[in-house]
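These are my notebook entries on a structure that I went through element by element.

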Amino acid sequence: MAISMEEVEHVAKLARLALSGEEKEAMRCQLSDVLEHAHRVSEVDTEGVLPTSHVVPLVNVFREDVVRPSITPFEATGNASWAEEGAFRVPRIL
Amino acid sequence: MDIINLDALAIAESIREGEISAVDATTAFLERIREVEAIVNAYINVSYEEAARRAEMIDAMLAEGRDPGPLAGVPIAVKDLLSTRGFTTTCGSRMLENFVPVYDATVVGRVGEAGMVMLGKANMDEFAMGSSTETSYFGPTRNPWNPDTVPGGSSGGSAAAVSAGEAPWALGSDTGGSIRQPAAMCGIVGMKPTYGLVSRYGLVAFASSLDQVGPMARNVGDCAALLGVIAGHDPMDSTSIPAEKVDYQGRLDGEVRGLKVGVVKEISSRGIDEGVLERFRAAVSKLEGLGMEVGEISLPSFEYALSAYYVIAPAEASSNLARFDGVRYGFRASAEGEDIWEMYDRTRSIGFGSEVKRRIILGTYVLSAGYYDAYYGQARKVRTLIVKEFERAFRTYDVLVSPTTPSVAFRLGEKVDDPLTMYLSDMCTIPVNLAGIPAISLPCGLSEGMPVGFQLMGPALGEATVLNVAYALESELGFDQRPPIGRS
Amino acid sequence: MEFETVIGLEIHVELSTDSKMFCSCSAGFGGEPNTKTCPVCLGHPGSLPVPNRRAVNDTILLALALNCDITGCSIFHRKNYFYPDMPKNFQISQYDIPISSGGTLEIDMGEYTRTVGITRVHLEEDTGKSVHVGESGRIHGAEYSLEDFNRAGIPLAEIVSEPDLRTPDEARKFMQLLHSTIRYLEISDCKMEEGSLRCDANISVAVDGSMGTKVEIKNMNSFRAMHRALTYEEQRQRRTIRDGGEVVQETRHWDDARGTTSPLRSKEEAFDYRYFPEPDLVPLEPDEAWVRELREGLPELPGDRVRRFVSEYGLSREIAETLTGERALADYFEDAAGKGQDPVAVAKWIAGDLGALLNDAAVTIQSCPVGTGGLSELVELIDGGVISGKMAKDVLKEAFETGNSPRLIVEEKGLTQIADESELDTLVDEVIEENPGAADDMRDGKEQALKFLMGQVMKKTRGKANPKAASDIIRKRLT
């Protein structure tokens, strides 16, 4: 299950990671190994088997529609590297 | 009194009886930390001042005749991916080097209500991704039994702290073996509870459907007591099971005669070091000596457990870690004139270490268009088969057993550049997470001078039985060796 | 070339729950930035979602109102993509197993009706809001943006229609009916200007029966904007095809000021949402009793009510639609009409003068100073000939301003109309005597003269004469 350089680049873009050329190459080799192992799941006969998402036998877990106090503005933006007028400042989007 | 060598429940009793104060206990451990941290590096941040202040407060409450909780004054180490209000929580990552949470994880709140004193935040593989605690941004933790070897991971800091006497017990988390594997390698007891028994609220997610918080301690009794504190329904976690509270520690009586034990063939022979197998087999015969019926069982899907895990866990992780983008909290790489996409890319590339990036890429890949069915879809079906095989096994057996790890602690740097080999060190522990069942690792002797772990697995919510068998085996084995670190 | 326009809509409705979808922060509109946030809706590490029962309840209610099937076991998925208004960089939404699917909504276009398929109604969480800072004030050319997460996590019901709509008129009618349906259920305030009702459209033009290329239109912030945008886009696509060009599959932005759509350029070209089941949430399995209770509790919906108003009260479709637009208005009408007066007249007064008074004073029907009894009384006074229709307008205005009953106003002001024949006979005689010229003209068959003579009668009575009775008498005398 060799993974191509283009695939590494495409996936890195989806995951918002900028990898150096060296990193990409290392990633490509290591991931090919891991994927080869991971691909063994396809050897298993799973005809008629339903996929598991949860191992807890729970359904319909809800909270009631009740408002509780929010955190303070200081707490909300206190960990941000750049806050302005109570909002989080980010560089231009386009 | 040699406080640091007391077990946690003995410390609790000594404080209750007035033999020692909470300050005495906390001070003793803080001193031990000062003494050995240069070698072990079990903590990312030690709460020297906060712990001392809290111990004083508990002593004051005791003096006033108020009840600070059943485990008042007992110190504890907390893995650094559990959210602690007002105290840095790094997850072993540069990304969160300066992150100070605004809320406590439910389990952190519960140990606080029980009266415990947090000594600090234990080192770990970055975002719990690793099996050696070498991927921590804050440097590797070393195994107290031999500083040239790893303590296991990802809860390697918690395990090493307990093993080296830097804490009487600790909280860890286990996604594919992250409590049991380091417990085995450091010669302590560690338990992964049933998925949903312990709240995940405030546990920074690695793989949400597999993660579980659990206790790590020097013996089974402490482990049971700490589990009793943290277990129980939490309305903040939708996957929390509304089960009755159980007094796990009170139910330990060592009476295991007639229970059936199944040795899981697939993870108890091939690929396991001979020295480990020897200790394992010796422990199995002790179980027979205790009057348990031992049989062998084959669970064929286990062959594929590791593969399924390395699809499911990275897939969930890639999504869970998307929130670290430099906007609301955490590290941010800024440069003049850049747009947000460049900011994201650079922040995440610098803020995350290579193992984390590897898993994000892997997880993104297996979820992406064209690959989803072959990997993620298929892995979830394999997961179903593993769940069903366990269910079938527990119709015959009360507990299942295997070695916890295929080998004793390996040397630092030995596997760090070979992810697949590193991942194989979790082969015995991973099936348990996929099935969501409880399992414990307890030391069953030494091989090459290093501890060997014995894994006991039980059916969902079968903690009491698992703990009781572990308790009986522990007394039968009589393993009481301590690592040589810092001893003269 | 024969063109056929094909339109499908995707509508987002913010449910008016008290708290957010997955945490206990207030779901109220606005507020200082980030004052309605917590670790969950800011996506702090370790926080977990717990669904709001009422949001699930209200989504099921909406689905039932749109004739959808409720899914026995549905699940939430994560939709993964990076954007600064998304706290977790994934949105908790539903994917291949939504809470409901397979519904319909019938629209009445007058000459024909159309049954529009509802693909699905599902539940998800809203994103935060970005304020773009720079000279333009828009995302284009902004220097930087400010992120506010007060809106992040508000429950959002998404309604997806089948591509069954054929004209911008149908699309507008569909939205209006959907809007009033949701308002009837009292699950959202549906304010397009505050963004609690949002609509995107997919529009394509089929040529000679073969499918066209789908274009997605965003930023249509009112029914009017939607109609204009779709009309513009329909023409643009037809023109492109006629000129031998090709319609490009893309997302276009409606510019309301310019009245045009333009391609929405995004630097983000890699799109792959990597949906997978949300592991932090367990399945939704609404049991039969829950669904049955909601189904039985459904109010009569606007579409049905229009049909009933036409058949039961003999109203025109237009007036029935006006009256049923808001549930309270329709209730008001039915209450007023139930008091024994002609329902058509009652409807006309509510939809006409009363509606205008409410609108001018920005008062809702719920707090209307004229009760249903008062309105019925007004119609009774007109029908009984006590006041004229013209007088009634003033009486209603005064009743609206003072809250007094129409009958009281009429009595106090001495407005009672003169309909008594003997009194009118005398008056008409006087007028004929005083205006012999006009009387002669009338005898000669000049209808103009009637108007003049009526004016004189009204002048004498200060408008209180019953016009029909008076003109009847004049005719009797002079023809």
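**Entry 1: strands of chain B**

I began with β7(B), which is joined to strand β9 (residues 399-403) of chain B by three bridges, the two strands running parallel. In that pairing I found Val401(B) of β9(B) as the bridge partner of Val263(B). I note for the record that this is a predicted model, in which local features need pLDDT of at least 70, side-chain atom pairs count only at pLDDT 80 or more, and totals for chains, interfaces and linings use all residues. Residues are numbered from 1 along each chain as its sequence is written, while chains are lettered from A and ligands numbered from 1 in the order in which they are written.

For my terms, helices (H or I, at least four residues) and strands (E, at least two) are DSSP runs numbered from the N terminus, and two strands pair if DSSP finds at least two bridges between them.

I then looked up the pairing of β7(B) (residues 260-264) with β8(B) (residues 293-297), and it is parallel, over five bridges. Val261(B) stands opposite Val294(B) there. Together with helix α8(B) (residues 274-289), β7(B) and β8(B) make a right-handed β-α-β unit; right-handed is used here if, with the strands pointing away from the viewer, the path from the first strand over the helix to the second runs clockwise.

**Entry 2: helix α15 of chain B**

I checked α15(B) (residues 463-477) for its length: its 15 residues reach 21 Å from first C-alpha to last, close to the 21 Å expected, where the expected span is 1.5 Å times one less than the number of residues. After α15(B) comes Gly478(B), with a positive phi near 60°.

**Entry 3: nonpolar cores**

A nonpolar core is taken as a set of buried Ala, Val, Leu, Ile, Met, Phe, Trp, Tyr and Cys residues joined through C-beta atoms within 7 Å. The largest has 273 residues, and among those with the most contacts inside it are Ile76(B), Ala170(B) and Val311(B). Helix α9(B) (residues 305-320) gives the most to this core, with ten residues. Leaving out residues up to four places away in sequence, I found that Ala170(B) touches several others, among them Ile76(B), Val78(B), Ala122(B) and Met216(B); contact means C-beta atoms, placed from the backbone, within 7 Å.

**Entry 4: contacts between chains**

Where chain A meets chain B, 43 residues of chain A are in contact with 54 residues of chain B. The largest share of the chain A side, seven residues, comes from α2(A), and that side divides into 27 nonpolar, nine polar and seven charged residues. In this count Ala, Val, Leu, Ile, Met, Phe, Trp, Tyr, Cys and Pro are nonpolar, Asp, Glu, Lys and Arg are charged, and the others, Gly among them, are polar.

The contact between chains C and A takes 41 residues from chain C and 34 residues from chain A. On the chain C side, β8(C) gives the most, with five residues. I also saw that four bridges join β2(A) to β8(C), antiparallel, with Tyr144(C) as the bridge partner of Pro91(A).

Most residues other than glycine have a negative phi, and most peptide bonds are trans. I therefore noted Thr133(B), which is not a glycine but has a positive phi of about 60°, and which counts as buried because it has 35 C-beta neighbours inside 10 Å. Thr133(B) lies in the loop between β3 and α5 of chain B. Ser154(B) is found in the loop between β3 (117-122) and α5 (156-163) of chain B, and a cis peptide bond joins Gly153(B) to Ser154(B), with omega about 10°.

Terms used
Two residues are in contact if their C-beta atoms, placed from the backbone, lie within 7 Å. A residue is buried if 20 or more other C-beta atoms lie within 10 Å of its own, exposed if 12 or fewer, and partly exposed in between; C-beta atoms are placed from the backbone.
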